[in-house]
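Colleague: I'd like to go through the wording in your notes. Can we take the terms one at a time?

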Amino acid sequence: MRFSDISGNEDLKKVLAGMVCQDRIPHALMIYENDGGGAIPMVLAFLQHLNCHDRGEQDSCGSCPACNRMEKLLHADVKFIFPVTKGTKVTVDKPMSRDYMSYWRELLLSNPYFMESELNDALGIEGKSSIIALAEATAIRETLMTASVEGGYRAFVVYLPEKMNAETANRLLKSVEEPPEKTLFIFITHAPERVLSTISSRCVGLRLLPLAKEDVATVLTGRFGTEAGRAAEVAAHCGGSVGKALSMLAEGADIAEEERLWSSMLEAVASKDMLTLTEIAEEMGSVSSREGAKALCRYASENLRKIFMIQQGLPQLASLTTREAELLGDLPKRLRKTFTRRAVSNLDRAQMLVGRNVNLKLVFSDLAVKLYMIQNGQ
């Protein structure tokens, strides 16, 4: 993976390339991304540039032995740590990342923009609570007592450090704070506020921004072979996350139907038309699958974010499509200023209930009533 293979986040690429070019590599980095946002491709490009035998100022050569090993995720001095638990594919009592490494590598090679839920599915631990256990920190400390295999930088990439408990963080603290020469820790988080301060305070923090919809469409068409029209449609509704866009494509998301149902519900809420609202909720509860219901909730949450931006006088940040603008009309003016914030929390709850196999008609009927009450100041 080279920086030139990655769309968007040009400023971050320059920062990372500059670290390599100037030989000013921090001992620990923490990269904050939205789920499926592309932090792993960025980290792989950075590590390939760092270990390249014939690198340029802005990128790796892409053809030397070190680059070839990185491309295949076989570089001996790059270790991956991620949250795991006992599952259907690995049944040892206290599994570690290394026990799942073949599944991790297979997923990364096929789709480095994967969502957290897709990782759990690939590891066979879907529906379970996973952690980065104390044994992982112990294994890292043992590795640090040996010399690097290839003589260059040694890197530990920790995915989702927010799932690291206090005991693990404390065991790892000294290694992160004062690592051996040419040793680098890279943490990739979706929730930096949940990462223990003993770890986050030792890291240089970087933000991987959500991609522009044009960049998402470029990735979908160029890397994954998505038809251009469909790529543009999904890119406009994924919140800048390639992983989410791919999930929507896999689910066969019907964007037009989601737009119609949600805008109709908002119109009924704003008009205080309880009868129509009930009918729309009934229709939402008749979607063909639970994945479709989840996709509808995600679309609604993103749409509310756009309404909030318009209400705050920042329409340029809403990035409305022409169709969205037509469907919304004057709804941002008619909805209460407090509506979006409270509605999002109810949508999150609805999505959670869908995941727990609660009857869809009950979920959306309850949501409709809650939205009606919020709009009416209750």
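Modeller: Here is how the labels are backed up.

Modeller: This is a predicted model, where local features need pLDDT of at least 70, side-chain atom pairs count only at pLDDT 80 or more, and totals for chains, interfaces and linings use all residues. Residues are numbered from 1 along each chain as its sequence is written, and side-chain values use heavy atoms, with hydrogens and water left out.

Colleague: What makes H1 roughly parallel to H2?

Modeller: The axes of H1 (residues 10-21) and H2 (residues 39-51) cross at roughly 25° and come within 9 Å. Angles under 35 degrees count as roughly parallel, over 145 as roughly antiparallel, 65 to 115 as roughly perpendicular and the rest as oblique, so H1 is roughly parallel to H2.

Colleague: Which residues of H1 and H2 make the contact?

Modeller: With contact meaning heavy atoms within 4.5 Å, H1 brings Leu 12, Lys 13, Leu 16, Ala 17 and Val 20, and H2 brings Met 42, Phe 46, His 49 and Leu 50.

Colleague: Why is Ser 97 called buried?

Modeller: Its relative accessible area is 1%, and buried means under 20%, exposed over 50%, partly exposed in between (1.4 Å probe, protein chains only), so Ser 97 is buried. Ser 97 sits in the loop between strand E2 (78-81) and helix H4 (101-110).

Colleague: What makes a set of residues a nonpolar core?

Modeller: They are buried Ala, Val, Leu, Ile, Met, Phe, Trp, Tyr and Cys residues joined through side-chain atoms within 4.5 Å. The largest such core has 46 residues, and Leu 16, Phe 46 and Trp 104 are among those with the most contacts inside it. H2 gives the largest share of this core, nine residues.

Terms used: Axes fitted to C-alpha atoms, helices over the stretch in contact; angles between N-to-C directions. Helix = DSSP H or I, 4+ residues; strand = E, 2+ residues; numbered from the N terminus.
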